[in-house]
Amino acid sequence: MSFLANLFARRQQSTSAVARDRLQILLAHERSAGEEGESDLLKQLHKEIMEVIARHVAVDQDKVQIKLDRGSGCSMLEIDVEVPQELSNKRAS
Amino acid sequence: MAKVLVVTSGKGGVGKTTSTAALGAALAQSGQNVVVVDFDVGLRNLDLVMGAERRVVFDLINVVQGDARLSQALIRDKRCETLSILPASQTRDKDALTSEGVARVMDELREKFDWVICDSPAGIERGAQLAMYHADAAVIVTNPEVSSVRDSDRIIGLLDSKTQKAERGEKIEKHLLLTRYDPARAARKEMLSVEDVLEILSIPLVGIVPESEDVLKASNVGAPVTLSSPESLPAQAYFEAARRLSGEKIDVSVPTEKRRFIDWLFGKKGAA
């Protein structure tokens, strides 16, 4: 019976519908994340955040990670800065 | 006022060159002055598809670099006197096309013609971006197939950001040309339908060109399909698309073969 049900279910979804659904999901993702404008924005953010941090602490370029996730409901900007060891020690004492 | 039109797609092999030739010829057949410009440096084919391959002396790069005058490089079509072609170079290096040089040639072409139709190379690199940069309008050639639709979406993004119009904050006109469409397969839901593609790309439709033997026959003999078999379904689709590009408001229909009994009896294919 389940075999018949499977057969029936597979019949219902046409290949063109599969193609359409796959494209819609893929393009929604690519339009929000894959644009060149976005990477320009990230580069700019990275540069300016580095400048602000550099005024106070010496941080390595590679120790700053910036990510932007765009969801349908909300977007999240994630900034991850690794602070040098001696500074965190100074603050603690 | 001349209009610059880029025929682009991202993906290769979807029918950019065929469509450039057919649309260019269709517009020229309506009496307008048209030039088709091949931007595919290194892989030029527009001259071959239009049957002008043995008449190429100078090319776009010669003109861009100032080695030849525009009038020396333009080839006038023998079948349609309002149609000209500016071929690309077959051998030279792609970087020979400078932005300033292209801008100068485009200005000169705008003065001479009503329509300047640029056949873009495939891809999204510099060559494709140079071809689209000066365009007022774009025809995005798409096949009802997943990879083509995805690449068209990328190209639409580039048209909205990397063209002169976009840089000036203006909108570039975009038209979807669906090619190699098979209405029977779409009806059986084996192929993305016109509605599916329109829903995904959300740009206005300028024409539906059916998959047809006539397209290959036309390129075999080096003629735009609108000149070699004007009664065929693809030619009719291109004629209608050309009228829409000229601003006429006509509904887009799915082209289907209508064979009269008498034609069927004699094995002759009739067109709608």
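Tutor: The structure, a predicted model, holds one cavity of 30 Å³ or more. A cavity here is a set of points, on a 1 Å grid over the protein atoms alone, where a 1.4 Å probe fits but cannot get out. About 40 Å³ of space lies in the largest cavity, the volume being the space filled by probe spheres set on the points, with grid points joined across faces, edges and corners. Its lining, meaning residues with an atom within 4 Å of a point, consists of Thr18(B), Ala21(B), Val49(B), Val215(B), Ala218(B), Ser219(B), Ala223(B), Pro224(B) and Val225(B). By class, the lining of the largest cavity has seven nonpolar residues, two polar and no charged; nonpolar covers Ala, Val, Leu, Ile, Met, Phe, Trp, Tyr, Cys and Pro, charged covers Asp, Glu, Lys and Arg, and the others, Gly among them, are polar.

Two helices of chain B, α1 (16-29) and α11 (213-220), each supply at least two residues of that lining. The most comes from α11(B), with three residues. Helices are DSSP runs of H or I with at least four residues, numbered from the N terminus.

As for conventions, residues are numbered from 1 along each chain as its sequence is written, and chains are lettered from A and ligands numbered from 1 in the order in which they are written. Local features need pLDDT of at least 70 and side-chain atom pairs count only at pLDDT 80 or more, while totals for chains, interfaces and linings use all residues, and side-chain values use heavy atoms, with hydrogens and water left out.

Key. 1 Å grid on protein atoms, 1.4 Å probe; cavity = no way out; pocket = protein on both sides within 12 Å on 5 of 7 lines; lining within 4 Å.
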